[in-house]
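Biologist: Please give me a close look at one interface, and then at the packing inside the chains. State the cut-offs as you go.

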Number of protein chains: 4
Amino acid sequence: MDGCPPGLDLSPVDIQGELDRRRPGVGPGASPRKEEDRVEILSGVFEGKTTGIPISLLIPNRDPKSSDYDRLRDVFRPGHGDFTYQKKYGLRDHRGGGRASARETAARVAAGAIARKVIGEAGVEVFGYTLELGGIRAERFRREDIRMNALLCPDSRAAERMAERLEAIRAEGDSLGGVVEVRATGCPAGLGEPVFDKMDADLAKALMSIGSVKGVEIGAGFQIARMKGSESNDPLTPEGFRSNHAGGILAGITNGEEIVIRAACKPISSIGKEQETIDTHGNPRRISVGGRHDVCVIPRIIPVCEAMVCMVLADHLLRQDGVRRKA
Amino acid sequence: MDGCPPGLDLSPVDIQGELDRRRPGVGPGASPRKEEDRVEILSGVFEGKTTGIPISLLIPNRDPKSSDYDRLRDVFRPGHGDFTYQKKYGLRDHRGGGRASARETAARVAAGAIARKVIGEAGVEVFGYTLELGGIRAERFRREDIRMNALLCPDSRAAERMAERLEAIRAEGDSLGGVVEVRATGCPAGLGEPVFDKMDADLAKALMSIGSVKGVEIGAGFQIARMKGSESNDPLTPEGFRSNHAGGILAGITNGEEIVIRAACKPISSIGKEQETIDTHGNPRRISVGGRHDVCVIPRIIPVCEAMVCMVLADHLLRQDGVRRKA
Amino acid sequence: MDGCPPGLDLSPVDIQGELDRRRPGVGPGASPRKEEDRVEILSGVFEGKTTGIPISLLIPNRDPKSSDYDRLRDVFRPGHGDFTYQKKYGLRDHRGGGRASARETAARVAAGAIARKVIGEAGVEVFGYTLELGGIRAERFRREDIRMNALLCPDSRAAERMAERLEAIRAEGDSLGGVVEVRATGCPAGLGEPVFDKMDADLAKALMSIGSVKGVEIGAGFQIARMKGSESNDPLTPEGFRSNHAGGILAGITNGEEIVIRAACKPISSIGKEQETIDTHGNPRRISVGGRHDVCVIPRIIPVCEAMVCMVLADHLLRQDGVRRKA
Amino acid sequence: MDGCPPGLDLSPVDIQGELDRRRPGVGPGASPRKEEDRVEILSGVFEGKTTGIPISLLIPNRDPKSSDYDRLRDVFRPGHGDFTYQKKYGLRDHRGGGRASARETAARVAAGAIARKVIGEAGVEVFGYTLELGGIRAERFRREDIRMNALLCPDSRAAERMAERLEAIRAEGDSLGGVVEVRATGCPAGLGEPVFDKMDADLAKALMSIGSVKGVEIGAGFQIARMKGSESNDPLTPEGFRSNHAGGILAGITNGEEIVIRAACKPISSIGKEQETIDTHGNPRRISVGGRHDVCVIPRIIPVCEAMVCMVLADHLLRQDGVRRKA
């Protein structure tokens, strides 16, 4: 991580807290793997404060169990990057997927924890939650509910039905997808560059770079395509905007309202159900990718989405505010 | 434009053809303005061939009519970047919006025309069309229909209803949004970088950087969040993938299938209907932004979306294939 | 030019003044060509002030005389990029050299004029001069002398001998090189990034990217390699550094002293004297590149060197100080 | 390290060999510290071959002895980055210098070892040597001599005098500088970009980013400023260039000749002799930075210079040749 301002309090605990939220084994969709992500700060922090130089973190993988993957050596798992990595590179590391692995997101969460500190200095808070899972949608928003159910859903009753759906799908040996919503409050107006690095463009890239995400929308998103201009425009009043269909971003620049962004997550590709595929020689094969996998990326993906949003906001805040100078 | 391989045939006509598709005054949603975008190639082309050095293009604005905008000097148009530019920069060019102007997309289309040539050399074709407009969705896909209606809709019957809807909304002094779909065929497997510059992340950023776009999805997009893993995974067979929910991209890398991507476009913000807003002093105002505006960005935005996709694909093709060396 | 802060006074005159210094036809080493570089500001300035969006400038070439170059179509001029461009791209624009042309430096000077405004706001001043020409070195430094001789030499007596040397070499149909020194005063301590974008590394890249420059040194430069540590270290005192062998940069970061940097410029490659070369088919040829060429890049290259230094300093100042926010 | 092509043989031994050349305790200028840089490959290599994904290396510092540095906590060592880091960040890690530490170069050497493999595939070889040390210059070039003396000097007789000079200066508690020359053979013509990323500009930045380097020159370098054009131009013949004053680079692009580049290295700043300085409160102090320091960065800096050249060449080769695709 380069560009972190100096003089910020930072300890491994700050990062570990976020990593623990990403860890499996929590919540209804969890896998029985025991990844214990223990972060070490290798550089950039001195006597509990950032020094302004690049920060290096190391999160050793203490539970690789590569042997689990040996039978996958010459077969392409449907929905995974196995096929495209083989096509791109001519070879691949079949164990747990290398950079295509969900473990790669641990690094994002760790970096996001530092970014969260940076934006926190500017009064910006980022939080995410489950908006939809397996076709069940949160019907109301109670912020206090988010911490009260394992699925981090702002509608605890919907969360119960989601949990039941997850249990049923696990029994089927199948998996589910969902939609994560992330909000950023306290963000000042004026962040984002006019042409190449619009705030919404950077947020979209950041979320879409997460392996499971296949769609991103800001504010009213796809729904805005069905509105009239007189409905979609957010009227300005002396007290602020009367609505927030823009999701806090106008012409690529923050307008001071809450930033609201959603990511559509596909079902986990590794499922126990037998699927049709081919091997590296092009022969048809049947495969069941059972084992230690989650049945839904939600809620574990939520801190990853939050981390990406934190990083984009930190980057734009540092550009705009010269936080470094003042630190 | 930097990075264009040398030895490619390129004339202003190649670019002009694309620019003309973006021009207003064509189709039911068009404005009566007479922008005549005439492109000049300033550098990078010699005797009809690209030389490998950066290409500079100039598209003078022959129809600015800045006076039309004088009454907007101290008032923020709802849905526009007026407010955020003022907040970011402390001053703004109120005429036609500067970089926030839709005219800025002419540069994108011009650059995209060159990118289209680059990817054409590799056998890649990109085309876009209207999937949805004002809540009316194309119900079937006939590629030949696209050229047969002014709205570039692959379902000519739906296009008729869309056109009627546009006329009605114009009479109301209001505007409409819609959804554009872009496909890329012939794209080789293996394009896209594993972590930072995933193909889908770059495509999402490119489309979201267009002013009107509030959502982007790849393949099954938001719909995939409602599927099971056994449904969403695209089975591999010796003949290829059996479905294309992935939209041609797995783990950020192309898989050789058609790339399918959609952009949700908001209604045009400038409407004749009176709207609530404030002026630069914070006083409440009523505003009607009538004049020479389109009532929908579709179909004019389609060549812009295509251009962005062409640019991203050209960038990744050049990285991957060393086209430059061979040219 | 992206990243210029908003609210800065900027008119074409500001830029034109710098361009005129680069123009040929001034001073003893000048060519009789009549390039009249007239700059136009295409975007980014509104009512005399920068708006914060990218600034586009256009400098049309009003004196191309491409026909002069027709006889060079299939022969490689020694010392020019003809050979390497042909090798790289497989074709080349033989007229005036495309990007390899000295005219490309006009764009640098124009952009540098804007950067000079940016750093001026922070109290930084950049000026360059002729330290050495044709082996004759300035023996004393009188800043007031710089404006008093056409070669911009801080030692007017040395300038006289340099001018004589230039006249003699012109009569021979040959050319000369020299050394330019650039200083930046008023630069605050703390500019430069610790690893990848050290101030001295960025300055070296910027100057070395000028076509004629074959060497760059900071402070004591190559001479420091012959010192002892007890001589080369600049002692710190409560009043500041006692010497400036570091040239204002320690560990890649400015220390508040004057930045001093030198660029070694090769003799102009186009000479009237007959030279040995080959044509594009590999056959031996004799060539005399007479015509309208200067016999030394000095003093015309001085504003180009200054411009590069201004741009690097502006870039680092904007990173560090968040000037944008305050404007 | 991102961008390494897949399928390259790579083992820790390849990297360790280069690291060992950088290690102290070898040669006349060496310090008695026992840094044992042991590299571990964390990712990007599978079964002895690179996979195409980013490669992470870790080199733990097994000999920090931070306590040695405690007395330096509040005093600025002359010639070091202590003062500028304090000015930039408002705080600093006084132990061994953080990013300003010479240890940071271990990472460069490790990355360079991988780059050396990449360019080796293309037939490019990079080697460096001591051209000058303490004012003593190699008077002849015998490549076989380089391996025959601890100072890696191509003139073994000069090397003897250099070694004597080093011993004398060590006795004085002082230090020396010198000049390193690096050559690259087998480099194809056509590498380097025409405007922004010229080969010589990138090489200059790379070498100048090494802490001790205060000057960089290509080919004839500063000497070319004293030549006439008829002398400095390298004549082309059907058999190749007749001379190499250009140092293998014309107009920013390689011409197929040997690349020759020199770096001026300052004397080591940490010396036993007492020096004048100030503390962090601005009070005058006397300081002797004795201890475990080398008295010259040569020869240890040679593999660092080589590594930087390897990285720049690898970067340009990969851009140009699409090596990735073919691997």
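**The interface of chains D and C**

Modeller: Chain D and chain C bury about 6,900 Å² between them, and carbon and sulfur atoms give 60% of that area. Buried area here is the accessible area (1.4 Å probe) lost when two parts are put together, summed over both. This is a predicted model: local features need pLDDT of at least 70, side-chain atom pairs count only at pLDDT 80 or more, and totals for chains, interfaces and linings use all residues. Residues are numbered from 1 along each chain as its sequence is written, chains are lettered from A and ligands numbered from 1 in the order written, and side-chain values use heavy atoms, without hydrogens and water.

Now the contacts. On chain D, 95 residues touch 95 residues of chain C, contact meaning heavy atoms within 4.5 Å. Twelve salt bridges are counted between chain D and chain C. Each needs a side-chain nitrogen of Lys or Arg within 4 Å of a carboxyl oxygen of Asp or Glu. One of them pairs D:Glu172 with C:Lys228, with the closest N and O atoms 3.1 Å apart. Polar contacts link 37 residue pairs between chain D and chain C, both residues at pLDDT 80 or more. A polar contact takes N or O atoms within 3.5 Å; within protein, one must be able to donate a hydrogen and the other to accept it, and residues adjacent in sequence count only through side-chain atoms on both sides. The side of chain D that touches chain C has 41 nonpolar, 28 polar and 26 charged residues. Nonpolar covers Ala, Val, Leu, Ile, Met, Phe, Trp, Tyr, Cys and Pro; charged covers Asp, Glu, Lys and Arg; the others, Gly among them, are polar.

Next, the interior. D:Leu313 sits in helix α7 (residues 301-321) of chain D, a helix being a DSSP run of H or I with at least four residues. D:Leu313 is buried, at 1% relative accessible area. Buried means under 20%, exposed over 50%, partly exposed in between (1.4 Å probe, protein chains only). Beyond four places in sequence, D:Leu313 touches D:Ile119, D:Val124, D:Val126, D:Ala184, D:Cys187, D:Met199 and D:Ile259. D:Leu203 is 110 residues from D:Leu313 in sequence, yet 8.5 Å away in space, C-alpha to C-alpha.

Finally, the cores. The largest nonpolar core has 154 residues, and A:Leu207 and B:Leu313 are among those with the most contacts inside it. A second, separate core of 152 residues includes C:Ala159, D:Ala158, D:Val213 and D:Cys310. A core joins buried Ala, Val, Leu, Ile, Met, Phe, Trp, Tyr and Cys residues through side-chain atoms within 4.5 Å.

Terms used: Helices (H or I, at least four residues) and strands (E, at least two) are DSSP runs, numbered from the N terminus.
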